[in-house]
Amino acid sequence: MIPPYHPPKKYSVRIAGHRTSISLEPMFWDMLTEAAATRDMSINTLVAEIDAERIKAENPPGLAGAIRIWLVWNEKGARYSLGSLPGYGRVGQ
């Protein structure tokens, strides 16, 4: 089966009352929509939570990248410890 390749699309969201747009592939937008629904929250609320987490990072990615990372973590992180995921080695590695 071929993955659903599709270029990113612009989506509008609100973070702390400010409108912004993010460019995500439709597959990631669908995953974000499902994750928000599963948590019984709006997409804006979930995006705001992801944004708040990302800005605490030592070298934060852009918002769209942070959303993609969060979505992958949401899928894989439940099965693996953070240290076992690529790029998340123990301190000093």
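**Reading the helices and their packing**

Modeller: Contact here means heavy atoms within 4.5 Å, and buried means under 20% relative accessible area, with exposed over 50% and partly exposed in between (1.4 Å probe, protein chains only). This is a predicted model, in which local features need pLDDT of at least 70 and side-chain atom pairs count only at pLDDT 80 or more, while totals for chains, interfaces and linings use all residues. Residues are numbered from 1 along each chain as its sequence is written, and side-chain values use heavy atoms, with hydrogens and water left out.

Biologist: How many helices and strands does the chain have, and what pattern does the chain follow along the sequence?

Modeller: Helices (H or I, at least four residues) and strands (E, at least two) are DSSP runs, numbered from the N terminus. By that reading the chain has three helices and two strands, and along the sequence they follow the pattern β-β-α-α-α. Of the 93 residues in the chain, 26% are buried.

Biologist: Which residues of H3 are buried, and where do they lie around the axis?

Modeller: An α-helix has 3.6 residues a turn, so residues three or four places apart point the same way. In H3 the buried residues are Leu-63, Ala-64, Ala-66, Ile-67, Trp-70 and Leu-71. They cover an arc of only 160° around the axis, and therefore lie on the same side of H3; the arc is that of the directions from the helix axis to the C-beta atoms. As for its length, H3 has 14 residues and reaches 20 Å from its first C-alpha to its last, close to the 20 Å expected at 1.5 Å a residue, where the expected span is 1.5 Å times one less than the number of residues.

Biologist: Which residues of H2 are buried, and what covers them?

Modeller: Leu-46, Val-47, Ile-50 and Asp-51 are the buried residues of H2. Their arc around the axis is only 140°, which puts them on the same side of H2. What covers them includes strand S1 (9-15), helix H1 (26-38) and H3.

Biologist: What is Asp-51 in contact with, leaving aside its neighbours within four places in sequence?

Modeller: Asp-51 is found in helix H2 (residues 43-54) and is buried because its relative accessible area is 13%. Leaving aside those neighbours, Asp-51 is in contact with Ile-15 and Leu-63.

Biologist: At what angle do the axes of H2 and H3 cross?

Modeller: Two packed helices are described by the angle between their axes and the distance between the axes. Axes are lines fitted to C-alpha atoms, for helices over the stretch in contact, and angles run from 0 to 180 degrees between N-to-C directions. Here the axes of H2 and helix H3 (residues 63-76) come within 10 Å and cross at roughly 100°, and the two helices are therefore roughly perpendicular to each other. Angles under 35 degrees count as roughly parallel, over 145 as roughly antiparallel, 65 to 115 as roughly perpendicular and the rest as oblique. Leu-46, Val-47, Ile-50, Asp-51, Glu-53 and Arg-54 in H2 meet Leu-63, Ala-66, Ile-67 and Trp-70 in H3. By class, that contact has seven nonpolar, no polar and three charged residues, where Ala, Val, Leu, Ile, Met, Phe, Trp, Tyr, Cys and Pro count as nonpolar, Asp, Glu, Lys and Arg as charged, and the others, Gly among them, as polar.

Biologist: How far apart are the axes of H1 and H2, and at what angle do these helices pack?

Modeller: The axes of H1 and H2 are 9 Å apart, and the helices pack at an angle of about 100°, which makes H1 roughly perpendicular to H2. Trp-29, Leu-32, Thr-33, Ala-35 and Ala-36 of H1 make the contact with Ile-43, Leu-46, Val-47 and Ile-50 of H2. By class, this contact has eight nonpolar, one polar and no charged residues.

Biologist: Where is Asp-40, and is this residue buried or exposed?

Modeller: Asp-40 is in the loop between H1 and H2 and is exposed, with a relative accessible area of 73%. Its phi is positive, about 55°, although Asp-40 is not a glycine.
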